[in-house]
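Here is a short report on one protein chain. It starts from a single residue and widens to the whole chain.

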Amino acid sequence: MVSSMAGLRHQLGLFLVVGMVVMRCAWGRFVVEKNSISVLAPLDLRSKHDGAIGNFGIPEYGGSMVGSVVYPQKGSFGCVPFEGDKPFKSRTSPTTILLLDRGECYFALKAWNAQQAGAAAVLVADSIDEPLITMDSPEESTDSDGYVEKLRIPSALIDRAFGENLKQALKKGQDVLVKLDWTESMPHPDERVEYELWTNSNDECGTRCDEQMNFVQNFKGHAQILEKLGYTQFTPHYITWYCPQAFVLSNQCKSQCINHGRYCAPDPEQNFGEGYQGKDVVFENLRQLCVHRVANESNRSWVWWDYVTDFHIRCSMKEKRYSKECAEDVMKSLDLPIDKIKKCMGNPEADVDNEVLKTEQELQVGRGSRGDVTILPTLVVNNIQYRGKLERTAVLKAICAGFKETTEPQVCLSGDLETNECLERHGGCWHDSRSNITACKDTYRGRVCKCPVVDGVQYRGDGYVSCEAFGPARCAMNNGGCWSDTKNGKTFSACSDSEVTGCQCPHGFQGDGHKCEDVNECKERLACQCDGCTCKNTWVDMTAKRSGSKFGWSLGFLVLAALVGAGIAGYIFYKYRLRSYMDSEIMAIMSQYMPLDNHNNNNEVPTEAQALRPGSSV
């Protein structure tokens, strides 16, 4: 009897842990995320196909890869390491994309052996005709090497017919060139990305738990910057299961569920008799959901990342500190309103639905382009499930791929994401060597050619062969792309501040405005049109200075001398006449006051003037 009861408890535990997941997988909706694979050569094989993105390694979201397909003559399943020192490493461009057969070992192990052999990507050909499936990684690495965590190359599953066509072309000795394209694998409709992480507060579930907690800690900085600046909207989610009605009153359901079996989580240690219980995990999941809700109400949604990180460090199951008291200490340190969070959590003992957890269960069901969430952790970006390694750089690349092209924030152009195509020949884009301005812009997708904005000056053009400064301030930026030259301290420019566009050579110059030449007034007969003249053109004055003949010089000198002589003569004549006039006037005045020598004293005739002489008496 005891044995049968123990068996029943074990079966119930397995039902809670595994059964509900199997039911969701069987009845739910699973969406296979795909990338595009185009055959570029040979010509008779040119076509476009879908590939199912592997859920390991790092897919090149937003980017693409061109490479030569190689099918190994030995070990086509890729289940054992390939012989030699990186036998598939490309010594020249393009890179090597290794084609392997499905079967005999884990998909992830095939990719690991290919990576170790120098391949840049892996295509796994299906062995049967069926719809594409997602290649997943094993729950735990099956050897001490831990290859799943070290995988970095992308991989995809292709259908059997496509794989056979590639093999036949390679057997004929043809060079097969393909392009793996992830540019449309992630929707990028606008300037904001919405993403969510389905996770769990349990830190005792092995590799999966370690992976998600390492991700939260490492990605926290990027997530908070993006959230604070309004570039992203992040929402955390938590998976819960329910207990079958027939077992609601059992000790197993009571230990793993809250709200009378409505919301359950597996026992962390898979041991119902000791350690933490599943309902402890549900409690903390609910608390973390309410932390985000309450923080979001005060526009501090990014505090969730701090709380989850601090809780994992301070309240670990491994250190036996996974408790309500420890959680409240963390909330106090982050200035979170504990009473509001408690109100959000509700009563976990009541036989009623919990609004927060009920919403979470409803959201687990796939909608639109997103499938059901059945495994942890699961990252969803713009309603598409992310495939690949849950790692900081890889996830940031996927999120950046979700922005409308050229609108991505600066964090997306960090050194570990940039393609750096602009370093070589400016990526083939327009470039002004004089001012070192280029239309090339590096992004995680590759370079784009777009006329830039420099110091507030907008450039216009196609970005490839032409970009011209536009607007009233354009002349301050490399003279607006127009001609300019300076000689003898004088500068002339074909750019006018009164015009918002265009170049026009200034007066005295001719050309298209991008190149101007001094007008030769002498040659064009615009100056020195007199007969017998010689002309010398000068750049500075933009006019011709004239230089006459010897006769002209002589004639000019004679005229000048005549003018000078006439002036001197006039001066002498003027001075002489003035002096004579002044003398006569003076004598006339003096003759009224004194007798002249030639007058006779005896014949002196008294006048009115005499009566005025000094010494006379009246």
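Asn202 counts as buried because its relative accessibility is 7%; buried means under 20% relative accessible area, exposed over 50%, and partly exposed in between (1.4 Å probe, protein chains only). The model is predicted: local features need pLDDT of at least 70, side-chain atom pairs count only at pLDDT 80 or more, and totals for chains, interfaces and linings use all residues. Numbering runs from 1 along each chain as its sequence is written, and side-chain values use heavy atoms, with hydrogens and water left out.

Asn202 sits in the loop between strand 8 (193-199) and helix 5 (207-228). Helices (H or I, at least four residues) and strands (E, at least two) are DSSP runs, numbered from the N terminus. Leaving aside residues up to four places away in sequence, Asn202 touches Cys209, Gln212, Pro268, Val281, Met317 and Tyr322. Contact means heavy atoms within 4.5 Å. Pro268 is 66 residues from Asn202 along the chain, with 6.9 Å between their C-alpha atoms.

Glu269 lies in the loop between strand 11 (263-264) and helix 7 (278-297). Its relative accessibility is 31%, so Glu269 counts as partly exposed.

| Residue | Relative accessibility | Class |
|---|---|---|
| Asn202 | 7% | buried |
| Glu269 | 31% | partly exposed |

Now the whole chain. The secondary structure comes to 13 helices and 26 strands. Of the 618 residues, 44% are buried. Among contacts between residues at least 6 apart in sequence, 65% join residues at least 24 apart.
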